[in-house]
Amino acid sequence: MGRPPGGHRSHRSLPPPGRSLSLPLSDEVLMGSLVDSAGLNLAQEADVCALGGCSRSWRTACDTDCIWERLFRCRWPAAAAEAAVASRVQGWKAVYINQHRRMAIAISNVVEFVERCLNSGSLESEYYLKAIADLALIADIGFLDVQFFLFSRNHGAIINLIGLHYSIASLHVPPTEVSKALQARQVAGRKVCVNLLKLGRWFYGFRLPDEHESRKISLSELAMSEGAETLAILNRGAVHEVFRLRISLADIDK
């Protein structure tokens with residue numbers, strides 16, 4: 001599994017090639033240190049797995065239930081009670097891996113839906129809003145899942161935008177935290193274009209031509225105060241005077 005986006009690396013340094021990392025500390029002190037790090041979000045899955053590859057002793061320490069239970073509870077607190085029952089048979093590491101895979105499958109289904117609905121790089125608002133609604137139906141999905149699966153550079157800016165919008169509107173993550181996560185995943189500079197087609201206004205009995213409005217904005221700007229109005233427009237979709245709303249890529253090179 002890859003290191004979750006937005007997570008901090010452990011301060012433990014890995015040994016140089018060809019040299020193993022010894023365990024100068026007692027098992028009790030070692031385990032306590034790892035658990036504390038996991039609780040403070042200083043050690044994430046990739047860090048624990050990398051540390052476990054240093055030696056047999058570290059592998060044993062990093063495979064223990066208390067490490068993976070803490071990581072599970074930090075990432076999916078609402079699912080911890082049910083997971084505790086399964087952990088009695090499978091162990092917490094296996095339960096964690098199964099939950100991660102379940103999230104990967106559920107979120108990839110939403111991503112595939114969006115990709116099928118794209119038309120020449122543009123997405124109609126009805127499909128955009130359905131994708132956000134489908135994410136809300138995934139049980140126990142959290143901000144770390146959004147960062148890991150939707151803020152990936154392997155996806156386009158529209159998928160990143162859906163993750164951003166869902167995090168702020170549905171998960172109620174503070175925009176500043178969303179902005180930090182976008183920066184950490186190196187997608188903050190990506191831009192999207194929000195295209196609106198509005199019905200022409202009536203003027204002295206005559207209907208004026210329909211109006212076209214286009215807003216080009218970066219993901220980092222959408223996570224700030226200046227992006228609130230654009231997010232509100234996206235949240236409303238094609239209603240009232242706006243009879244068509246599309247989201248497209250503004251900078252394919254990024």
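**Exercise 1. Find what share of the contacts in the protein chain between residues at least 6 apart in sequence join residues at least 24 apart.**

Contact means heavy atoms within 4.5 Å. Take the contacts between residues at least 6 apart in sequence; 70% of them join residues at least 24 apart. The model is predicted: local features need pLDDT of at least 70, side-chain atom pairs count only at pLDDT 80 or more, and totals for chains, interfaces and linings use all residues. Residues are numbered from 1 along each chain as its sequence is written, and side-chain values use heavy atoms, leaving out hydrogens and water.

**Exercise 2. Classify the angle between helix α7 and helix α9, then sort the contact residues.**

Step 1. Locate the helices, which are DSSP runs (H or I, at least four residues) numbered from the N terminus. Helix α7 covers residues 125-136 and helix α9 residues 157-169.

Step 2. List the contact. Helix α7 supplies Tyr-128, Ala-131, Ile-132, Leu-135 and Ala-136. Helix α9 supplies Leu-161, Ile-162, His-165 and Tyr-166.

Step 3. Sort these residues: eight are nonpolar, one is polar and none is charged. Ala, Val, Leu, Ile, Met, Phe, Trp, Tyr, Cys and Pro count as nonpolar, Asp, Glu, Lys and Arg as charged, the others, Gly among them, as polar.

**Exercise 3. State whether Cys-117 is buried or exposed.**

Buried means under 20% relative accessible area, exposed over 50%, partly exposed in between (1.4 Å probe, protein chains only). Cys-117 has 17%, so Cys-117 is buried.

Terms used. Axes fitted to C-alpha atoms, helices over the stretch in contact; angles between N-to-C directions. Helix = DSSP H or I, 4+ residues; strand = E, 2+ residues; numbered from the N terminus. Parallel < 35°, antiparallel > 145°, perpendicular 65-115°, else oblique.
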